[in-house]
Amino acid sequence: MTLRRYHAPVWDEPVIMATGAPGRRGQLFPLAPEGAALVPPALRRAAPPALPENAEPDVLRHYLRLSQQTMGMIGVSLFGTCTMKYNPRRGEQHAARPEIADLHPAQHPETMQGLLEAVHGLEQILCGLSGMDAFTFQAAGGADAAYTQACITRAYHAARGEAGQRTEIITSIQSHPCNPATAATAGFQVITLPLGPNGYPTLESLEAALSPRTAALMINNPDDMGVYNPEIDVWVRKVKAAGGLAFYDHANFNGVMSKIRARDLGFDACMFMLHKTFGVSKGAVGRRSVPMAARQSWRASCPGRAWLPTANGSILSMAMPQPPGCASSWAICSRCSKPMSGRGRWGPRAFRKRPTCRSS
Ligand SMILES: Cc1ncc(COP(=O)(O)O)c(C=O)c1O
């Protein structure tokens, strides 16, 4: 069989900044009454932004061309430092179904068992991919989950009477900025390790940073430059020997899915970005959700546990304030993650030990 040589097209035409003409328009949205007055004077623009004025078909064509230049991936996430990924359109169709789109946040759990069952299944898939025991779906984004981790760290050490002593969180210079930022916001001193000759910090620099003041390691791996630290299991062991917790920011999980699991590396917790790995487009389908996993041993410190035990054992409900605002995200993810799990191609059957996931 001859393999076709795929390649992305290159368009020999002016970029959008060089096209258009004054007054050319697409849709004109009505201005909000007194809209400008609502913006504080210091934040108002002195002059309009230097944007090209184009007709709607030209703008559509512009984005179509961009997608063709990224191997035809319409809906590709071009956000941040996270792993780029493709969001299948059928996910959006699935989320637009009235059973999901029409759910109301104040609805009784009894009336949305289908959604809760899907999220419960998603939790089990994520447990399989991470080796963790349970997830909370409380956080609404990656930085939110990182902040949750920092707060859990505080609660964990406070419960041991070490709150005043364990004041430092260690991260690396190529970790996502939300790791040091949320650690600092939660009141910790941040130790940022510099890079070593291999593109990630040396073990010696970690050892020098560890002390009885160490509260936790918060790190992503592969890091923001896509560099994977192959010594991460040794790092985690050292942090824990020093009495700290280890948190895995899994925003770049795409690169390591089915190759490693957070728990096997010794991490206490990890977070998965549904809007990065699991087919939800970033910021496009309503409220986001970043499930964060906990190990059984310190789950008591974890707020917003997802599942409540039920009176008759058959009804699912969630112990968190935000269901089902993320219904669309969860619905897309539960659908798109199935092929990655269990008997799926990327599933944890690649691993010898498959932990069970407890649901209450
Ligand atoms: C490694 C990493 N962690 C955390 C975040 C923060 O995620 P969010 O933008 O959902 O707050 C990002 C976002 O780009 C990321 O790449």
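**Chat about helices and core in a predicted model**

Modeller: Let's begin with Glu99, found in helix α4 (residues 98-101); helices here are DSSP runs of H or I with at least four residues, strands are E runs of at least two, and both are numbered from the N terminus. This is a predicted model, where local features need pLDDT of at least 70, side-chain atom pairs count only at pLDDT 80 or more, and totals for chains, interfaces and linings use all residues. Residues are numbered from 1 along each chain as its sequence is written.

Colleague: OK, is Glu99 buried or exposed?

Modeller: Exposed, because Glu99 has 11 C-beta neighbours inside 10 Å. The rule is 20 or more other C-beta atoms within 10 Å for buried, 12 or fewer for exposed, and partly exposed in between, with C-beta atoms placed from the backbone.

Colleague: Which residues have the most contacts inside the largest nonpolar core?

Modeller: Leu217 and Phe247, in a core of 61 residues. Helix α5 (residues 113-130) gives the most to this core, nine residues. By nonpolar core I mean buried Ala, Val, Leu, Ile, Met, Phe, Trp, Tyr and Cys residues joined through C-beta atoms within 7 Å.

Colleague: What does Leu217 touch?

Modeller: Leaving out residues up to four places away in sequence, Leu217 touches Ile170, Trp235, Val239, Gly244, Ala246 and Phe247. Contact means C-beta atoms, placed from the backbone, within 7 Å.

Colleague: Now α6. What span should helix α6 have?

Modeller: 26 Å for its 18 residues (142-159) at 1.5 Å a residue, and the end C-alpha atoms are 26 Å apart, so that agrees. The expected span is 1.5 Å times one less than the number of residues. Buried residues in α6 include Gly142, Ala145, Ile152 and Tyr156. Just after α6, Gly161 takes a positive phi of about 70°.

Colleague: How do α6 and α7 cross?

Modeller: The axes of α6 and helix α7 (residues 178-185) come within 8 Å and cross at roughly 45°. Axes are lines fitted to C-alpha atoms, for helices over the stretch in contact, with angles from 0 to 180 degrees between N-to-C directions. The two helices are therefore oblique: under 35 degrees is roughly parallel, over 145 roughly antiparallel, 65 to 115 roughly perpendicular, and the rest oblique.

Colleague: Which residues make that contact?

Modeller: Gly142, Ala143, Ala146, Tyr147 and Ala150 of α6, with Cys178, Asn179, Thr182, Ala183 and Thr185 of α7.

Definitions and conventions: Contact = placed C-beta atoms within 7 Å.
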